Amino acid sequence: MKLSVIGVGYLGAVHAASMAELGHEVIGLDVDAARIASLSAGEPPFHEPGFAELLRRGLDSGRLRFTTEHAEIAGAEIHFLGLGTPQRADGFGADLRALHAAVEALAAVLPAREGAPTLVVGKSTVPAGTARELAARIERIPGARLMWNPEFLREGFAVQDTLAPDRLVYGVRDPEAEPAGMEVRMLDAAYARILEREVPRLVMGFETAELVKVSANAFLATKISFINAISELCEATGADVTDVSRALGLDERIGGRFLRAGVGFGGGCLPKDIRAFIASAEDLGVGQALGFLREVDAINQRRRVRAVDLAREMLGSLRGRRITVLGAAFKPDSDDTRDSPALEVATRLMAAGAHITVTDPEALATARRRFEGLTTVEDTAEALRGAELVLLLTEWEEYRHLDPVATARLVDAPRMIDGRNVLSPPRWREAGWEIRSLGRADPAGRPQAPAARAGFASA
Ligand code: UGA
């Protein structure tokens, strides 16, 4: 099939290359000429395992290309909308301007064709009600129909999640009416090779599909903040959150995934999606229903402050101290630093007067773009040299497997904060380290100091 993907950011670029991999003829469109040039040259504008190869295969096959010209996509049978919906500058709500502008620009080139219909498929994360509004615009063009097909891919697993998703959700205007049948059949044809693997495919109304997506992210965020709230209790009582998490996770009804305590969630999705969800509930007059998500957000923010307070507790004063932060990306296997807990902790420590060196296997360039003046060092050993305190804040494989003995030789003082609970404290202590973790008792099994425990001690 002839497909277009409008907006080739993270989601769109991976979707475009994946659709070409499935055998379709795909054009990716973006208003960002630099991004289009880089994708056309086979150079991924972001780090994502497997994506470079997928992109290269698509380009080499001749089935995948990129453009900034709307006229070039007009002939596609299906147009996917992969635009970003970031948090608005003036509040919690989602900024839908890029999405609306893209739909207007698309509508301007869509041909009217009654016989062979054109399908527009929204994949962006949006507040409930958005699809119906956009459908009204799209469906003014004879033969054009809109569907909402939220995307659940995770960064770091984007290719696998796109080609082998755990479910497909199709949002249509009226799931019981016959016209929906035609749209569903068209999208089924595009996803035929995915559906062959018996992936559950659920057809529902626009608003339901939109809500599935935001509820999924809200649930994941809640699960993480739940265990991080338990971390605060662990710190107050001398308990160990990693044991709590393991024991809870063995209850199949709870499950152990997304129950890892630490500096919490960041990235371009979870934080902004829960805020947009809160804003949308308030607009709908049911703000109370999602009041708990404010607490989820607050718990998440407190963990970042707590990491800074723990550093202060270990060093006495932060002013002038040399601290190395392991990790800049919001999670491993990504170079994305949007709302990264690691970077927020690093900049808070800087603001308190510490000399910070940040290292990360992939995300230093994006980190420097986000925070000018950040001291970054590529090589891990070099970054560690001379540190008086190390904070592990993004659990890259490399950092999980650091050797405590060899690492102790590099630093000035063997002090470590494990902000992701991935190191073995006994092993590190044995090698002479003073190691503290979020949500775990200090070595004597004593509760952590109450002033810092509250998480509000930092300026
Ligand atoms: C998230 C969702 O997991 C995807 O399903 C969704 O499609 C995507 O948002 C989106 O809406 O686009 P992603 O942002 O790639 O995916 O990251 P996650 O893997 O969800 O991790 C989010 C954050 O939570 C990271 O900072 C991670 O370190 C943190 N996390 C995750 C924890 O602190 N504890 C955990 O147990 C798991």
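**Cores, a buried lysine and a helix**

Guide: The largest nonpolar core has 45 residues, and those with the most contacts inside it are Leu-318, Ile-323, Leu-349 and Val-358. This is a predicted model, in which local features need pLDDT of at least 70, side-chain atom pairs count only at pLDDT 80 or more, and totals for chains, interfaces and linings use all residues. Residues are numbered from 1 along each chain as its sequence is written, and side-chain values use heavy atoms, with hydrogens and water left out.

Visitor: What makes a set of residues a nonpolar core?

Guide: The set must consist of buried Ala, Val, Leu, Ile, Met, Phe, Trp, Tyr and Cys residues joined through side-chain atoms within 4.5 Å. A second, separate core of 40 residues includes Val-14, Ala-16, Ala-158 and Val-199.

Visitor: Why is Lys-272 called buried?

Guide: Buried means under 20% relative accessible area, exposed over 50% and partly exposed in between, with a 1.4 Å probe and protein chains only. Lys-272 has 12% relative accessibility, so this residue counts as buried.

Visitor: How do you know that Lys-272 touches Thr-85?

Guide: Contact means heavy atoms within 4.5 Å. A polar atom of the Lys-272 side chain lies 3.0 Å from the backbone oxygen of Thr-85, and Lys-272 also touches Pro-86, Gln-87 and Thr-125.

Visitor: Why are the buried residues of α4 said to be on the same side?

Guide: In α4, Leu-99, Ala-102, Val-103, Leu-106 and Ala-107 are buried. They cover an arc of only 135° around the axis, and therefore lie on the same side of α4; the arc is that of the directions from the helix axis to the C-beta atoms. On the other side of α4, Arg-97 and Ala-108 are exposed.

Note on methods: Polar contact = N/O pair within 3.5 Å; in protein donor to acceptor, adjacent residues only side chain to side chain. Helix = DSSP H or I, 4+ residues; strand = E, 2+ residues; numbered from the N terminus. Lists of a residue's contacts leave out its neighbours within four places in sequence.
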